[in-house]
Amino acid sequence: MTTTDTPSFLPEALCFRPREALVDIGANLTHESFERDLDAVIERAQAANVTTMIVTGTDLAHAEQAVALAKRFPGLYATAGVHPHDASGWSNELARQMAALHKAPAVVAVGECGLDFNRNFSTPAEQEKAFEAQLSLAAESGLPLFLHERDAGARMREILKAWRDDISKAVIHCFTGEAQTLYGYLDLDLHIGLTGWICDERRGHHLRPLCKDIPLNRLMLETDCPYLLPRNLPAKLKGRRHEPALLPWISREIAHWAGVEEETLINETTRTARRFFNLDSALKEN
């Protein structure tokens, strides 16, 4: 890795650029914290060789914003779905609007959708209804799934197993579960997204030995920014906002625990992400 001319918002100690291009499969760039300096955020990401970012759409409004950003910035793509926290608002009209969004060239996945039995902002029944409806939309569109799961691994696996022959590909984004849950997802031929959670010495320990068990052709990298700022950074940031330019620090940590060279990890996960989201075809359509 080499130093870059990354803009001064990041301390010099954090401004590194790997030789290989990175894909951030989960960037919440429609978050209000990015409103004032999004152009600079994108510039810093590109300076860090994070050349491709998938902007997460967690409800109709944010999915539409994600599509708008993908049209505005080269290298950005969008997902479109309803997060389990907002599942109580699912309706036939919302399903129709989502189906229309899924036809947009910039949209490369259905989601973020899934189950969250940790916070239950929507009831489990409401979550399952919205999730199954979005599985149906994924089956109809042929798009891969960008999935959220927290404290719901067993139920998630049951539902996905029933749908597995109908859907194409699926990634469990921001995976933080235990070994049994991971192996269950891998048995279903799912992909796994890892974030800066693994850089957190307070809660990421259980993930570290699991890195070696995730095949590189099933592994993808993400920031989930502005959340989950890595705790392995050698310098402090003003505030706690995470951004795509810091993805190289996550890839370094994962490479260490996976027992592979950073260059190998980046090359393989980038290849996996481009194949999973069909990005070469999406670029041609855009």
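Which residues of the largest nonpolar core touch the most other members? The close-up views below, taken from a predicted model, begin with this point.

**View 1. The largest nonpolar core and the surroundings of Met 98.** The largest nonpolar core comprises 88 residues, of which Leu 29, Met 98 and Leu 160 touch the most other members. Leaving aside residues up to four places away in sequence, Met 98 is in contact with Asp 59, Leu 60, Ala 63, Ala 80, Gly 81, Val 82, Trp 90 and Leu 137. Another core, of 13 residues, lies apart from the largest one and includes Tyr 77, Val 108, Ala 109 and Phe 276. In soluble globular proteins, nonpolar side chains tend to be buried together.

**View 2. Packing of helices α4 and α5.** Helix α4 (residues 124–141) packs against α5 at an angle of about 30°, and the two axes are 11 Å apart. An angle under 35 degrees counts as roughly parallel, and α4 and α5 are therefore roughly parallel to each other. Their crossing is right-handed. From α4, the residues Glu 128, Phe 131, Glu 132, Leu 135, Ser 136 and Ala 139 meet Arg 155, Met 156, Ile 159, Leu 160 and Trp 163 of α5. Seven of the residues in this contact are nonpolar, one is polar and three are charged.

**View 3. Helix α6 and the elements that cover its buried residues.** Within helix α6 (residues 179–187), the buried residues are Thr 181, Leu 182, Gly 184, Tyr 185 and Leu 186. Their cover includes β7 (145–150), α5 (153–163), β8 (170–172) and β9 (191–194). Just after α6, Asp 189 adopts a positive phi of about 65°.

Note on methods. Residues numbered from 1 in each chain as written. Predicted model: local features only at pLDDT ≥ 70, side-chain atom pairs only at ≥ 80, totals over all residues. Heavy atoms only, no water. Core = buried A, V, L, I, M, F, W, Y, C linked by side-chain atoms within 4.5 Å. Buried < 20%, exposed > 50% of the residue type's maximum accessible area, 1.4 Å probe, protein only. Contact = heavy atoms within 4.5 Å. Helix = DSSP H or I, 4+ residues; strand = E, 2+ residues; numbered from the N terminus. Axes fitted to C-alpha atoms, helices over the stretch in contact; angles between N-to-C directions. Parallel < 35°, antiparallel > 145°, perpendicular 65-115°, else oblique. Left-handed = near helix turned anticlockwise from the far one by under 90°. Nonpolar A, V, L, I, M, F, W, Y, C, P; charged D, E, K, R; others polar.
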